[in-house]
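Morning, everyone. Let me put the model on the screen, then walk through it.

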Amino acid sequence: MTVEPDRIQHLLRELAPQVLGSLVRRFPDFAASEDAIQEALLAAAMQWQQGIPENPRGWLIQVAVRRMTDRIRADAARRHREELVVSLAPPDEQLALAAGLESEMSRDDSLDLLFLCCHPALSPSSAVALTLRAVGGLTTAEIARAYLVPEATMAQRISRAKQTVRDAGATFTMPAADEFRARLGTVIQVLYLIFNEGYAVSGGPELTRTDLSSEAMRLTRMLHRLLPEEAEVEGLLALMLLTDARRAARTGEAGELIPLDQQDRSRWNREEIAEGVTLVTSALARGAVGPFQLQAAIAAVHDEAPDVTKTDWPQILELYGLLLRIEDNPMVALNRAVAFAMVHGPVAGLARLEALEADPRLLRHHRLDAVRAHLLERAGDREGAIKHYRLAADRTASIAERVYLLTQAARLSEID
Amino acid sequence: MKYMLMMHTPSGGPYQIASWPREDFTRHIDFMKSFAGKIKASGEFVAAEGLAGPDLAKRVRAGKDGKPITDGVFPETKEFLAGYWIVDVDSPERAYELAAQASAAPGRGGVPLNLAIEVRQVMSVPPRDD
């Protein structure tokens with residue numbers, strides 16, 4: 001009996017980071033470990049069609065370790081290996097690592113690997129690339145396609161990222177308790193970046209891009225499984241689900257952007273909403289409120305409302321207020337002004353915008369003009385609304401958004 | 001985020017670089033090659049092209065029957081697009097930094113040209129909607 005290739009592929013993607021983690025722990029040469037894993041995965045893809053071994057992870061580790069050992073024994077690789085291994089771990093530690101293979105077999109090293117790939121020495125784009133490659137198990141070509149850059153560029157970015165991690169003297173161990181919180185914050189940010197990149201692309205010809213949102217959700221699920229007590233991880237997963245739930249309703253047939261208040265809510269994914277609401281409720285109950293939980297809570301209020309007028313805007317206003325207290329972010333302040341206008345009317349909202357205009361971070365920012373245009377329209381100032389829709393269109397770097405904003409300006413101009 | 005760095009060159013017929021002494025010309029070309037190598041090595045390169053000179057440039061528009069009507073050469077034009085790079089960087093500041101590096105390409109006698117490089121953001125996709 002043969003096994004479905006899809007089932008094997010799925011299993012291998014799940015196991016790849018764990019196996020790579022085990023190997024990097026044992027042989028702290030990231031690049032060589034990855035090569036060995038690739039060979040083991042290739043062997044598995046061929047051989048498992050005849051039947052999946054009883055302990056697939058152990059099988060992969062065995063094969064990869066054998067490849068690594070062969071490599072280390074090879075004279076050509078000796079010098080390379082000595083440099084790398086010695087630079088990363090002292091010899092006594094090496095011996096201890098080598099002795100612990102049995103216990104490694106049962107250990108899930110994905111978390112350590114994720115922390116390594118989201119090392120603070122890396123730029124955001126490098127951490128993203130390394131995480132997708134090493135933890136996500138995507139090929140360099142797939143990542144390059146997802147980010148619309150040449151494969152050689154992505155290969156270079158990943159190889160430089162490995163070099164940076166090595167130069168930073170990163171060790172394959174979890175950070176100390178006092179550092180853990182900040183490092184987890186970086187991991188969460190990287191996963192969120194991946195999700196956002198994927199979510200932004202949800203229609204039209206770009207559908208062929210690798211689905212980064214699903215990948216980010218898969219990795220965040222993994223992180224949540226490994227750190228079930230962490231409220232912000234739970235909050236992030238909730239936010240992703242509650243946002244992704246609206247994906248189908250977010251773009252029209254021609255790929256045009258449909259704003260939240262005009263989306264067909266019957267097309268929202270109820271399963272994702274239910275799971276997201278459960279997660280954010282559980283996270284908030286832990287008492288360590290953070291920005292991702294609050295953003296998830298806001299998304300949940302939107303997702304549970306039957307339409308825009310029945311949305312609980314006072315609660316959204318309250319949540320943005322809390323969020324603003326945690327992080328001084330002008331976009332949050334802008335969103336709060338929108339919620340304020342929904343509760344207290346457009347004129348009161350416009351007064352709030354006056355105060356935000358002084359913030360240099362919002363200078364010439366298209367969102368400020370877009371919000372102003374929207375509030376001016378609601379306040380009955382058609383000329384002002386047209387002017388600011390056009391200004392916002394000039395200032396956005398998103399094609400879909402520009403089309404949307406210009407359509408609004410054109411719609412208002414047609415009214416006699 | 002992606003940016004297009006557009007290098008404009010003073011026009012007036014063919015590219016003036018064509019009349020430079022060999023040493024200056026070679027230094028300029030070496031600089032451009034090394035600049036391309038740098039953005040490839042840093043993992044920021046997306047695309048780059050040099051454009052043929054104004055001597056080969058035509059402006060085209062559709063006539064009433066849809067057939068092309070061409071116009072040009074443009075020896076009088078003040079400046080011309082000489083080429084471009086598209087880079088994928090972490091911040092606009094990084095794009096400006098790269099543009100400044102390219103702008104300092106050596107000209108006659110190795111003196112930096114300090115050509116104007118126009119930096120334009122490549123349009124992308126919108127973020128989350130709440």
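**Strands of chain B**

In β5(B), Met4(B) has Ile86(B) as its bridge partner. Before going further, this is a predicted model: local features need pLDDT of at least 70, side-chain atom pairs count only at pLDDT 80 or more, and totals for chains, interfaces and linings use all residues. Residues are numbered from 1 along each chain as its sequence is written, while chains are lettered from A and ligands numbered from 1 in the order in which they are written.

Back to the strands. β1 (residues 2-10) and β5 (residues 79-88) of chain B run antiparallel, joined by nine bridges. Strands pair if DSSP finds at least two bridges between them. Helices (H or I, at least four residues) and strands (E, at least two) are DSSP runs, numbered from the N terminus. β1(B) also pairs with β6 (residues 117-121) of chain B, antiparallel again, over five bridges. There, Met7(B) is partnered with Ile117(B) of β6(B).

Now chain A. Domain 1 covers 1-108 and domain 2 covers 109-227. Those bounds come from an automatic or database domain assignment. Across the boundary, 16 residues of domain 1 of chain A are in contact with 13 residues of domain 2 of chain A. Contact means C-beta atoms, placed from the backbone, within 7 Å. On the domain 1 side, α1(A) gives the most, with nine residues. By class, that side has eight nonpolar, three polar and five charged residues. Here Ala, Val, Leu, Ile, Met, Phe, Trp, Tyr, Cys and Pro count as nonpolar, Asp, Glu, Lys and Arg as charged, and the others, Gly among them, as polar.

How do α1(A) and α2(A) pack? Their angle is about 150°, and their axes are 10 Å apart. That makes the two helices, α1(A) and α2(A), roughly antiparallel (over 145 degrees, by the cut-off). Axes are lines fitted to C-alpha atoms, for helices over the stretch in contact, with angles from 0 to 180 degrees between N-to-C directions. Residues that meet include Leu12(A) and Leu20(A) from α1(A), and Phe30(A) and Ile37(A) from α2(A). That contact has 13 nonpolar, one polar and one charged residues.

Last, the two chains. Chain A puts 26 residues into the contact and chain B 16. Among the elements giving two or more residues on the chain A side are α8 (124-135) and α11 (177-200). α10(A) gives the most to that side, with four residues. The chain A side divides into 14 nonpolar, eight polar and four charged residues.

Key: Contact = placed C-beta atoms within 7 Å. Parallel < 35°, antiparallel > 145°, perpendicular 65-115°, else oblique.
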